[in-house]
Amino acid sequence: MATRMVRLDDETEQILEQLVKGTGRSISAVLKEGLLTLHDRLSQKPARTAYEIYKELDLGPGGYALAPSDETRRGVQEALRRKLG
């Protein structure tokens, strides 16, 4: 079993104190449960992937760009020519 030294700001220290008093558990038990809870939450697969969310977005018809993104200078020049005549 390892011993760790942890620095807590005042707000976190108050939360820890409230949890210890409210649950009747030791500081170690409260911290261990917090770590296990975070581990469980992070190890679960997200409900939807970023692609699934993107696929549902309505981005409109598109096709109105004057130039591809790797040629932005040309696109800006073209837009200025169109605007200024």
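Student: Which helix gives the most to the lining of the largest pocket?
Tutor: Helix α2, residues 27–43, does, with five residues in the lining. Keep in mind that this is a predicted model.

Student: How many residues line the largest pocket, and which lie nearest its centre?
Tutor: The lining has 13 residues. Nearest the centre are Ala2, Arg4, Val6, Ser28 and Leu31.

Student: What is the lining like by class?
Tutor: Nine of the lining residues are nonpolar, two are polar and two are charged.

Student: And how much space lies in there?
Tutor: The largest pocket holds about 380 Å³.

Student: How does anyone find empty space in a model?
Tutor: A probe the size of a water molecule is rolled over the atoms, and this shows where space is left empty.

Student: New topic. Which residues make the nonpolar surface patch?
Tutor: Tyr51, Ile53, Tyr54, Leu57 and Leu59 make the patch, which covers about 550 Å².

Student: Where is Leu59?
Tutor: Leu59 sits in the loop between α3 (50–56) and α4 (72–84).

Student: Is Leu59 buried or exposed, and why?
Tutor: Leu59 counts as exposed because its relative accessibility is 52%, and the cut-off for exposed is over 50%.

Student: What about Pro61, where is that one?
Tutor: Pro61 is also placed in the loop between α3 and α4. Pro61 has a relative accessible area of 85%, so it is exposed.

Student: How far apart are Pro61 and Arg4?
Tutor: Their C-alpha atoms are separated by 56 Å, and the two residues are 57 residues apart along the chain. Arg4 is one of the residues nearest the centre of the largest pocket.

Technical notes: Residues are numbered from 1 along each chain as its sequence is written. This is a predicted model: local features need pLDDT of at least 70, side-chain atom pairs count only at pLDDT 80 or more; totals for chains, interfaces and linings use all residues. Side-chain values use heavy atoms; hydrogens and water are left out. Patches are made of residues with over 30% relative accessible area and no salt bridge: like charges are joined within 9 Å, nonpolar side chains (Val, Leu, Ile, Met, Phe, Trp, Tyr) within 5 Å. Accessible areas come from the Shrake-Rupley method with a 1.4 Å probe; for residues, only the protein chains shown count as cover. A salt bridge is a side-chain nitrogen of Lys or Arg within 4 Å of a carboxyl oxygen of Asp or Glu. Helices (H or I, at least four residues) and strands (E, at least two) are DSSP runs, numbered from the N terminus. Buried means under 20% relative accessible area, exposed over 50%, partly exposed in between (1.4 Å probe, protein chains only). On a 1 Å grid over the protein atoms alone, a cavity is a set of points where a 1.4 Å probe fits but cannot get out, and a pocket is an open set with protein on both sides within 12 Å along at least five of seven lines; lining residues have an atom within 4 Å of a point. Grid points are joined across faces, edges and corners, and a volume is the space filled by probe spheres set on the points. Ala, Val, Leu, Ile, Met, Phe, Trp, Tyr, Cys and Pro count as nonpolar, Asp, Glu, Lys and Arg as charged, and the others, Gly among them, as polar.
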